[in-house]
Amino acid sequence: MGNHKRAFMRGLFGAFGVAAASSGARAETSRNWSPALEPQDNWLDDTPARHRQVFDTISPEGVARALTFTHTFYAANKEAYGLEPKDLAVVMILRAGSTGFGFTDTFWSKYRAGLAKRYQVTDPVTKSEPAINIYNAADRASLLPTNGLTFDALGWMGGRFAICSVASRKLAAALAADMGGSADAIYAEMTANMIANARMAPAGIVAVNRAQEHHYALCYAG
């Protein structure tokens, strides 16, 4: 083997060695990595619960499915393990096409036309645009595919809600365009009329990320 060929082979194997060492270092870093816990997310740990579950929703149908799944989550844990609601930490994320359901009847009554148009929902009793948040109405619960669970009932059991601030601002701008008002003023109404146990998250997708980093199991409800 000529000198040039031997030099080439030494260089080639040397490059393989560097690449392998680099790959090993990356693998070691990956094994040792853990998320940085931001103080703004401490609310996710304010619970003595034994198990943690987060439901991610992006549509009206997803809200209904999440309420159904939540009902099952509580019921099955009670039946099979003897666990009470206080033993379970549940967070529901309302973002994208489910954002508007994070607000109370007061907000829905005022902006019913715009909300009904955007979410394509009808009141199961009146068969017209809802003047209330249908997923928080006890007298509508049996008429909706939610297993009879409402937001308030979930909140009474300790469930909490994270509303996407980004989607809320977009919704406020759209409603302002409909009615000729101020998007900032409508957003302020939103923050003053959130359902019980709800908070504005910087973004719904951030809440999805942070909940999992705080050891909440994720269920995507659609």
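Asp139 is exposed, with a relative accessible area of 53% (exposed means over 50%, buried under 20% and partly exposed in between, using a 1.4 Å probe and protein chains only). For a salt bridge, a side-chain nitrogen of Lys or Arg has to sit within 4 Å of a carboxyl oxygen of Asp or Glu.

A quick word on what you're looking at: this is a predicted model, where local features need pLDDT of at least 70 and side-chain atom pairs count only at pLDDT 80 or more, while totals for chains, interfaces and linings use all residues. Residues are numbered from 1 along each chain as its sequence is written, and side-chain values use heavy atoms, leaving out hydrogens and water.

Back to Arg140, which also forms a salt bridge with Asp123, the closest N and O atoms being 2.7 Å apart. Both residues lie in the loop between helix H4 (112-119) and helix H5 (151-156), so the pair ties together parts that are 17 residues apart in sequence. (Helices are DSSP runs of H or I with at least four residues, strands are E runs of at least two, and numbering goes from the N terminus.) Asp123 is buried, and so is Arg140.

Elsewhere, Asp45 pairs with Arg52 in a salt bridge whose closest N and O atoms are 2.8 Å apart. Asp45 is partly exposed, with a relative accessible area of 33%. The count of salt bridges comes to 11.

Now for the helices. The axes of H4 and helix H6 (residues 165-179) come within 10 Å and cross at roughly 120°; axes here are lines fitted to C-alpha atoms, for helices over the stretch in contact, and angles run from 0 to 180 degrees between N-to-C directions. That makes H4 oblique to H6, oblique being what remains once angles under 35 degrees (roughly parallel), over 145 (roughly antiparallel) and 65 to 115 (roughly perpendicular) are taken out. Which residues of H4 and H6 meet? From H4 come Gly114, Leu115, Lys117, Arg118 and Tyr119, and from H6 come Leu171, Ala174, Leu175 and Asp178, with contact meaning heavy atoms within 4.5 Å.

Last stop, helix H8 (residues 204-213). Its buried residues are Gly204, Ala207, Val208, Ala211 and Glu213. Their cover includes strands S1 (51-57), S2 (88-94), S3 (160-164), S4 (198-201) and S5 (217-220). After H8 comes His215, with a positive phi near 70°.
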